[in-house]
Amino acid sequence: MKVVLVDYGAGNLLSISAALARAGADPVITTDPVEVREAPLAVIAGVGNLGSAARGLAQVANALRERADRSRPTLGICVGMQLLFEASEEGGSGLGLLRGPVRRLRARRVPHMGWNTVTVLRPSPLLEGVDGAAVYFAHSYAAEPADDVAVARVDHEESRLVAAVESGAVAGVQFHPERSAASGARVLENALRWSRSA
Amino acid sequence: MVTKRVIPCLDVAGGRVVKGVRFRELRDMGDPVALAERYSELGADEIVFLDITATLEGRGPLLDLVGRAAERLVVPFTVGGGISGREDARALLRAGADKVAVNRAAVDEPSLLTELAAEFGSQAVVCAIDARAGEVVTHGGRKARGRNAVEWAREAVERGAGELLVTSIDSDGTRAGYDLELTRAVADEATVPLIASGGAGEARHLSEAFAAGAEGAIVASIVHEQPERLPELKAELREAGWHVRI
């Protein structure tokens, strides 16, 4: 299945591309709005700074919004998940496909970095088989959804953070499935199955 | 709760894993990515590749290694060792490294940490600090920098480092345990994760480093000699009550 990896200049997409290929997808890295709009699954895999990521994403933002309007599946990973939301304290603004801000973590140790256990909050095709599994997180900011879209949470010190969201054809994970060993591979396989049935 | 991390460190020269005594009589131990994959299968939470050639020449094989590691590894990896400045660090991150560990270049020019954090996010920027008797040293321990290691750690975090990798030159290679005084002092100050390095000989040592506040611990010779020790170490840590990923 063809999966477009949206290339907006926010770092190296090799890792996620290879992980998608291992999960059975045919990943294509692209900036072409038509390809982004039409593909069976689009993945926004940002790392690093949301402000600069949001600027880079501008050229394909409309294509991504059109996908959402047409209920074509889109998966955001890490900063890519944050980009599904609205204004960020890191500067810049996301796509606004989901409502709510992106805020800096309030914990003694920031970034929230390392392997941490996800707790599934309600059944989600994306998270089948990963409830209670440890996956790899590396982030200093997190989305705070205004609506009931969180499907998994993760606890860092005293904070309860949103680990995954899903709302219709829009989904996101705050962790890095491409760096989360077997549990991460499972999430990507789930995502492919989810987009096939959408 | 974040698990405590056990992190094998591989010494790399010319794109190959090497082993030697004080950089002499280096023996070729194989392909770093293949070895890292083996460690990852055995439960390594993360991998550090340390380039010990430490010169700009010969960085070609390193970039090739980083590209292959990005493609094949299913756990995160950090690349460090002899990063001479921003171009080196950028090249490695752009090639696919999850994090770079900057050591001397950050001591020489601390604003490097800020620049890299702004461009790649602080989660990609590790400040590696080598210390002897609490003082920052560089050039493989040969050059004392007249700075207190704990103070430098604090400044590095303020400037944008998202993780600290603190190696005690005093305990490195001794297998007698990590420098706990240093680990505790840095962990008490740091508002980012601290990885302790130097001195791992048995599970008890990792336990002590975690108790002192480290989030992760570097293991080298104990697992290189016997990779099967890795899952054993993690099982022993779990038995000791630590939250580790099995």
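Student: What makes up chain A in terms of helices and strands?

Tutor: Chain A has five helices and 12 strands; helices (H or I, at least four residues) and strands (E, at least two) are DSSP runs, numbered from the N terminus. This is a predicted model, where local features need pLDDT of at least 70, side-chain atom pairs count only at pLDDT 80 or more, and totals for chains, interfaces and linings use all residues. Residues are numbered from 1 along each chain as its sequence is written, while chains are lettered from A and ligands numbered from 1 in the order in which they are written.

Student: What makes B:Gly146 buried or exposed?

Tutor: A residue is buried if 20 or more other C-beta atoms lie within 10 Å of its own, exposed if 12 or fewer, and partly exposed in between, with C-beta atoms placed from the backbone. B:Gly146 has 8 other C-beta atoms within 10 Å, so B:Gly146 is exposed. B:Gly146 lies in strand 9 (residues 143–148) of chain B. In chain A, 59% of the 198 residues count as buried.

Student: How do you know on which side of helix 10 of chain B the buried residues lie?

Tutor: The buried residues of helix 10 (residues 229–239) of chain B are B:Leu230, B:Leu233, B:Lys234 and B:Leu237. They cover an arc of only 95° around the axis, which puts them on the same side of helix 10 of chain B; the arc is that of the directions from the helix axis to the C-beta atoms. They pack against strand 1 (5–13), helix 1 (32–41), helix 8 (203–211) and helix 9 (221–225) of chain B. Just after helix 10 of chain B, B:Gly241 takes a positive phi of about 100°.

Student: How many residues of chain B are in contact with chain A, and what counts as a contact?

Tutor: Two residues are in contact if their C-beta atoms, placed from the backbone, lie within 7 Å. By that rule, 30 residues of chain B are in contact with 27 residues of chain A. Helix 2 (59–72) and helix 5 (111–120) of chain B are the elements that give two or more residues to the side of chain B that touches chain A.
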